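These are my notebook entries on a structure that I looked up. I record each item together with the terms it needs.

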Amino acid sequence: MSQTFDFRSPMVDRKHDPRDRSIWKSPGGALFFKLGIPPNLRSKFLSSTGKPKTKISEPFGTDSLTEARVFRDQKLAHYQRVFARMNAGVDLLPEEIKAEVTKYRAQVPMSELAALLIKPSSSGDPSKPDVDSMIEQQVGPALDEIGKRLGFERHSEQWYALGIALVKSNWAALGKQVMAAAVGEQPAPTPVEQPPAVANRKRNSNGNLERFSVALGHYLDWMRDVRKARIATIADYKSKAQRFQKFANNPSLGAVTIEQAKAFLNEVEAEGVSAATVNFHHTVCKAVFEHARRERYMFSGDNPFSFQHRKHKAKKRAKYTVDELNRLFNSPTFTEREIKPQTYGVASALPWAAVLALYSGLGLEEAAQLRPRDLRIEHGNGWVIYVEHEAALSGKLQREGHERTVPLHPELERLGLLKYHAALPPNAERLFLNLPVHDSKGKRGPTLGRAFNNWRRNLGIDYKDRPLDFHSLRHTFGKAMEDLGVSEPDRARLLGHGVPGIGSSVYSAPELKRVAPLVAKVKWEGLEIP
């Protein structure tokens, strides 16, 4: 009886962005494809020690998460087919063997081939070669790679069938070279055929002549039917790829050069967009070529978009001036703040989160994730704010968040934050209730951040040469501590930055007694908040 399985579910990590299933980032930053092997098939995937594997692990060869997601989709589709074939007990098809032989022959230079074939057999008698030894010596490494990809183990029927086919192909190719040399002729190169993508599908005799728009259409269909991507995602990918299509006048795949691809991305960058946006265009266009090559076998050239992505250049955020702070915190959005809102949400949270960031240096997500118990009295030291990993929804913040304690600034108490805190419903799970969670990022802050940006822009606080946002409140607090003469280690700990030689930013009781008065002195001359 055949068994059913979900080929994706074993590797889903609920702490991570749902879009990043089967993607694992090593401590060094490398991205890997990881996929759980169905239990009934693990005996067919053996490790180097001969033990059954529980998962497949392969490097993506890129440090771009966006690009890794595209490659992940292709690998998932491939292994879905492999698992289904193996689960049904179907051996390698003749078409698959022929396709792999063709690929192998196209990749092995004749000089290497001759060196492989002159190796003696393990039996010592060249006229009676040992089959296992012959396959191992001549095509072993290549066969291992194919086995990993197609899902068969060493010395299986598939291993012998494909191994013998590869060896025969090698001898046939070498024989043609020897005969041609004997008669003094220049041998014709061995024709390389591209394998069909699907059985009985008519193959284009020259896939490199296919227009980019045609390849894009097939890629988007694959995104919809196989990847099950959302309509909005497909539309986004389509717009990016069609921009290149228009730029290059819908060229054939084989006509696109690296120089043309770089010129297109330079044009995108010239509009002043971020490096991430340029890299998104890069990734989508590259994916169209790779899909034509790997899924449909309609492209055999070098991918013109196979070059390094642009590095992200972080924009240095400005600090708010006293005039800008007065405009913000004397506007109705703040002055009409509610101690006990009838309806909790973004509007009720915005004024409190903003003033909290100004007087504590908390980041957007750190403020949004606070729980009522994270504002507490530290015996002998008054109120403090605890920023803890476990409060985060995002897996990244849980792993890399800046856990610390920050003494509560007296100005926050004067403005009513503790009254707001005391008036929360008894079962409140968050200090700022009903903030929507961003589905893809697993964060509560994005909607709050957009509301803050709308607030400041409506007040005319919006400059191209001075990028300002919610995070700028944190920088403003940090600069005020620096101007006050707070030591660099204390500033770093209060802001959640690492300090050499200090393992924790959570202050002990004696340390809080020393630091709290320093935080209380943070102020801006001329700032008056009602």
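**Helix H1**

I began with helix H1 (residues 65–87), which has 23 residues and reaches 31 Å from its first C-alpha to its last, close to the 33 Å expected at 1.5 Å a residue. The expected span is 1.5 Å times one less than the number of residues. Helices (H or I, at least four residues) are DSSP runs, numbered from the N terminus. I noted that 18 of the 23 residues of H1 are buried, so H1 is largely enclosed by the rest of the structure. Buried means under 20% relative accessible area (1.4 Å probe, protein chains only).

**Basis of the entries**

The model is predicted: local features need pLDDT of at least 70, side-chain atom pairs count only at pLDDT 80 or more, and totals for chains, interfaces and linings use all residues. Residues are numbered from 1 along each chain as its sequence is written, and side-chain values use heavy atoms, leaving out hydrogens and water.

**Nonpolar cores**

I next looked up the largest nonpolar core, which has 60 residues; Phe329, Phe432, Phe452 and Leu473 touch the most other members. Such a core is a set of buried Ala, Val, Leu, Ile, Met, Phe, Trp, Tyr and Cys residues joined through side-chain atoms within 4.5 Å. Helix H12 (residues 346–360) gives this core its largest share, 10 residues. Another core, of 32 residues, lies apart from it and includes Trp222 and Val284.

**H7 and H9**

Finally, I found that the axes of H7 (residues 231–247) and H9 (residues 275–294) come within 9 Å and cross at roughly 85 degrees. Axes are lines fitted to C-alpha atoms, for helices over the stretch in contact (heavy atoms within 4.5 Å), and angles run from 0 to 180 degrees between N-to-C directions. H7 and H9 are therefore roughly perpendicular (65 to 115 degrees) to each other.

Definitions and conventions: Helices (H or I, at least four residues) and strands (E, at least two) are DSSP runs, numbered from the N terminus. Angles under 35 degrees count as roughly parallel, over 145 as roughly antiparallel, 65 to 115 as roughly perpendicular and the rest as oblique. Buried means under 20% relative accessible area, exposed over 50%, partly exposed in between (1.4 Å probe, protein chains only).
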